[in-house]
Amino acid sequence: MKKLRYESLTNKPSHLQRLTGLDIKEFKKLVSNARAEWHAQVVKPKKLSGRTYEISNMENHILLMLIYYKFYISYDFLGMIFGIDPSTANRAVLRIEPILAKISHFEKKRLSKSDDLSTIIIDVT
């Protein structure tokens, strides 16, 4: 199976838009706005030690997160799409999410109280 990467979608802007909800121009603007924060939080500390990330660059991190947010698919499926382990997909989202939250409105609300969970269960039934 071919791995999904941003580089392969640059030639197919309609696919990028269907997968992320952003056209190529908006995606590039998001990338350029996040570049400084990415270097400060990820690239600079990473130069000190450790292996390289399987999701190699910021564009692919953003692509993975946008697909996750748009379709809300499991990390197992994201892993299959990107050719990585599900835990790597999870770490990629956790790595890029706070950076994008600083520069835009991207933020996933996570349940923090048991009352929230019981409300959801009641609403579902």
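Predicted model: local features only at pLDDT ≥ 70, side-chain atom pairs only at ≥ 80, totals over all residues.

I begin with the lining of the largest pocket, whose residues divide into 3 nonpolar, 3 polar and 5 charged. Here Ala, Val, Leu, Ile, Met, Phe, Trp, Tyr, Cys and Pro count as nonpolar, Asp, Glu, Lys and Arg as charged, and the others, Gly among them, as polar. A pocket, on a 1 Å grid over the protein atoms alone, is an open set of points where a 1.4 Å probe fits, with protein on both sides within 12 Å along at least five of seven lines, and lining residues have an atom within 4 Å of a point.

Residues are numbered from 1 along each chain as its sequence is written, and side-chain values use heavy atoms, with hydrogens and water left out.

The lining consists of Lys46, Arg51, Thr52, Tyr53, Glu54, Ile55, His61, Thr88, Arg91, Ala92 and Arg95. The space in this pocket is about 190 Å³, a volume being the space filled by probe spheres set on grid points that are joined across faces, edges and corners. Helix H6 gives the most to the lining, with 4 residues.

Tyr53 lies in the loop between H3 and H4. Leaving aside neighbours within four places in sequence, Tyr53 is in contact (heavy atoms within 4.5 Å) with Val42, Lys46, His61 and Arg95. Tyr53 and Ala92 are 39 residues apart in sequence, yet 8.7 Å apart in space, C-alpha to C-alpha.

Let me turn to the overall fold. The protein has 7 helices and 0 strands; helices (H or I, at least four residues) and strands (E, at least two) are DSSP runs, numbered from the N terminus. Of its 125 residues, 33% count as buried. Among contacts between residues at least 6 apart in sequence, 64% join residues at least 24 apart.

Next, the core. In soluble globular proteins, nonpolar side chains tend to be buried together. A nonpolar core is a set of buried Ala, Val, Leu, Ile, Met, Phe, Trp, Tyr and Cys residues joined through side-chain atoms within 4.5 Å. The largest one here has 31 residues, of which Phe27, Ile62, Leu63, Leu64, Leu78, Phe82 and Ile96 touch the most other members. Two or more residues each come from helices H1 (6–9), H3 (24–46), H4 (58–71), H5 (75–82) and H6 (86–103), and H4 gives the most, with 8 residues.

Leu63 is found in helix H4 and is buried, with a relative accessible area of 0%. Beyond four places in sequence, Leu63 touches Leu4, Arg5, Tyr6, Leu9, Leu16, Thr20, Phe27 and Phe82.

Asn60 is also placed in H4. Why does Asn60 count as buried? Asn60 does so because its relative accessible area is 0%. Its contacts, on the basis of excluding residues up to four places away, are Arg5, Tyr6, Glu7, Ile55 and Phe82.

Tyr72 counts as exposed, at 57% relative accessibility. Its phi is near 50 degrees, a positive value in a residue other than glycine.

Conventions
Buried < 20%, exposed > 50% of the residue type's maximum accessible area, 1.4 Å probe, protein only.
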